Amino acid sequence: MSHLDTQEVVRQLADLTGALTSERDHIQLLDRIIQGCMYLTNADGGTLYTLNEENENELLFTILHNRSLGMHSKPRELSCIEIFNAQQQSSKLVVVQTFVQQETINIPDAYACEEFDFSGTRKFDKQLSYRSKSFLCVPLQDHEGEVIGVLQLINCQDDQGNIITFTDTMQHLVESLASLAATVLTKRRLIDSQRLLFESFIKLIGRAIDHKSPVTGKHCEQVPEIAMLLAGAVNQAEEGQFAEMGFSEQELYELKIAAWLHDCGKITTPEYIIDKATKLHTMFDRIDLVEARFYEYKQHLELELLRRHRELDADAMHKAQNALQQQIVRLDEELAFIRRSNTGSEFMAEEDKARIMAIGEISWINDTGESRHLLTQDEIDNLCISKGTLTDAERQVMRDHIKVSIDMLESLNYPRQLRQVPEIACNHHEHMDGSGYPRGLKADDLSTRARIMCIADVFEALTSPDRPYKKGMLLSQAMTILGRMVEDNHLDADLFRLFVESGTYLAYAQQHMTPRQIDQFDPASLPGLN
């Protein structure tokens with residue numbers, strides 16, 4: 001190490017140590033460590049091999065430098081290195097033996113060494129007219145003593161450029177720097193594994209909610225896709241409201257996490273409400289009970305006529321039978337009307353509600369003296385729901401999921417980069433004019449990412465084919481409803497315009513909507529764009 005004095009070594013080590021805290025990109029940091037090792041040992045080449053996390057029988061070329069050959073990146077044609085073969089015998093490559101033996105290997109001359117397999121090195125040298133001579137291979141061990149990679153230096157040179165052996169001092173120095181590289185890799189892998197576990201747990205919650213009821217489809221999974229597509233359109237905007245705005249990588253990640261968690265409170269919502277595919281549905285669809293009651297009533301009428309048989313002459317009996325038959329036909333018509341009303345697929349007019357209540361007034365006394373009605377009061381209340389399948393009380397229970405979401409998400413201790421998750425996730429039912437719920441927030445209270453969530457949540461709900469009381473809407477219908485919500489000052493007008501003009505809505509539709517739903521229409525004619 002005669003080309004460097006002690007002061008220069010200390011400076012280099014200080015720079016590399018400082019980079020541990022200042023450099024955020026772990027690949028860049030590892031690259032600096034490799035180049036630092038090359039500089040301090042005056043090595044011509046340096047390579048970092050790392051253990052493949054997906055296949056722990058492979059070492060990957062992660063970083064490669066060679067000053068003489070002008071290499072400063074990993075060639076694409078370099079394949080991974082197999083550690084053990086099918087017979088569990090380790091390769092004789094020096095880098096593999098360094099990994100397996102967990103010891104530093106220092107070779108003065110590769111061409112004079114018969115202990116290791118350098119056939120690949122010789123082939124490499126022949127192709128590039130190079131001479132690989134001295135090698136220094138150092139294992140990288142993590143905090144648990146497991147080898148996670150190998151740092152390899154080639155061709156140490158003296159001040160005159162002659163290739164020499166790596167000295168013991170150089171070896172100790174490189175081993176120390178290899179510990180730094182191992183620390184960087186371990187830190188990155190620990191962070192990545194924790195992040196992966198965190199994301200997996202969040203997705204587990206979202207998918208649990210989606211699987212809790214088949215009628216929610218993939219809502220928790222697909223809302224994040226819409227949100228991220230729209231956020232990407234914001235970043236790509238070159239003109240308009242968002243030309244000077246952009247989300248950082250961390251802000252996009254925060255949005256993705258928030259989108260996955262936006263409906264976490266639904267985990268407490270009763271399944272019979274989420275699953276309420278018809279107005280009479282509770283634990284099951286009570287239309288079967290209503291039909292049974294109609295059948296019972298018709299039997300009652302028939303029995304009453306039979307009891308009167310001896311009291312009536314033939315002509316009166318014939319008239320009574322005709323009247324009964326007409327009454328049964330009317331009852332069948334009323335039952336068919338109730339079946340249609342039960343679906344909740346159309347807005348219920350006031351005259352239809354009056355008809356339901358009139359049917360509910362029909363009663364009789366059964367053989368046990370019990371008073372029976374064709375419809376109970378609860379069935380009448382449910383069948384008279386104006387729109388959809390939920391009563392006001394059930395709708396409030398459904399809405400309360402957002403309050404539960406707020407309680408759940410605000411109770412967590414977030415790292416600094418995820419502190420906006422509750423605000424983004426829990427405001428997707430708020431409106432720009434303050435008419436939303438649960439807090440009645442207005443435009444100034446809603447961040448851009450929260451406004452993105454509002455559009456994503458509504459658009460997925462409108463287009464999903466898995467809702468209990470309707471098929472997935474046509475794309476034109478869904479976009480028209482979004483436009484009207486913009487006109488009513490419920491959704492952000494600028495984001496809706498970007499949603500349309502960037503083609504984000506169509507990109508999502510082509511991936512997740514059925515061909516039946518993707519109809520042709522003129523986007524420029526949508527409401528809310530003027």
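Guide: Helices (H or I, at least four residues) and strands (E, at least two) are DSSP runs, numbered from the N terminus. The model is predicted, so to speak of a local feature needs pLDDT of at least 70 and a side-chain atom pair needs 80 or more, while totals for chains, interfaces and linings use all residues. Residues are numbered from 1 along each chain as its sequence is written, and side-chain values use heavy atoms, with hydrogens and water left out.

Begin with Asn155, which is found in strand β6, residues 147-157. Asn155 is not a glycine, yet its phi is positive, at about 60°. With a relative accessibility of 2%, Asn155 counts as buried (buried is under 20% relative accessible area, exposed over 50%, and partly exposed in between, with a 1.4 Å probe and protein chains only).

Gln102 is another residue other than glycine with a positive phi, in this case near 60°. Gln102 is found in a loop, between α3 (94-101) and β4 (105-107). Pro438 is found in the loop between α15 and α16 (448-463).

Now for the charged side chains. Side chains of opposite charge can pair when their charged atoms come close. The structure holds 21 salt bridges (a side-chain nitrogen of Lys or Arg within 4 Å of a carboxyl oxygen of Asp or Glu).

Take Glu379 and Arg293, which form a salt bridge whose closest N and O atoms are 2.8 Å apart. Glu379 lies in helix α12 (residues 377-383) and Arg293 in helix α9, so this pair ties together parts that are 86 residues apart in sequence. Glu379 counts as buried, at 2% relative accessibility. Arg293 is buried too, with a relative accessible area of 9%.

Helix α9 is residues 287-307. In helix α9, Glu304 and Arg307 are three residues apart and are therefore separated by about one helical turn. Glu304 and Arg307 form a salt bridge, and the closest N and O atoms are 2.8 Å apart. Glu304 is partly exposed, with a relative accessible area of 33%, and Arg307 counts as partly exposed at 47% relative accessibility.

Helix α5 (residues 168-212) holds Arg195 and Glu199, which are four residues apart and so are separated by about one helical turn. Their salt bridge has its closest N and O atoms 3.4 Å apart. Arg195 counts as partly exposed at 36% relative accessibility, whereas Glu199, at 14%, counts as buried. Elsewhere, Glu53, Arg188, Arg189 and Asp192 are linked in a network of salt bridges.

Asp125 has no such partner: Asp125 is buried yet has no salt bridge, and the nearest side chain of opposite charge, Arg131, is 6.0 Å away (Lys and Arg count as positive, Asp and Glu as negative; His and the chain ends are not counted). The place of Asp125 is in helix α4, residues 119-128. Setting aside residues up to four places away in sequence, Asp125 touches Tyr111, Tyr130, Arg131 and Ser132 (contact means heavy atoms within 4.5 Å).

Helix α14 gives a view of burial along a helix. In α14 (residues 401-410), His401, Ile402, Ser405, Ile406 and Leu409 are buried. Seen down the axis of α14, these buried residues fall within an arc of 145°, so they line one face of the helix (the arc is that of the directions from the helix axis to the C-beta atoms). Among the elements covering the buried residues of α14 are α7 (249-261), α13 (392-399) and α15 (421-425).

Ala509 counts as buried, at 0% relative accessibility. Beyond its neighbours within four places in sequence, Ala509 is in contact with Leu475 and Ile518. From C-alpha to C-alpha, Ala509 and Glu370 are 56 Å apart in space, and 139 residues apart in sequence.
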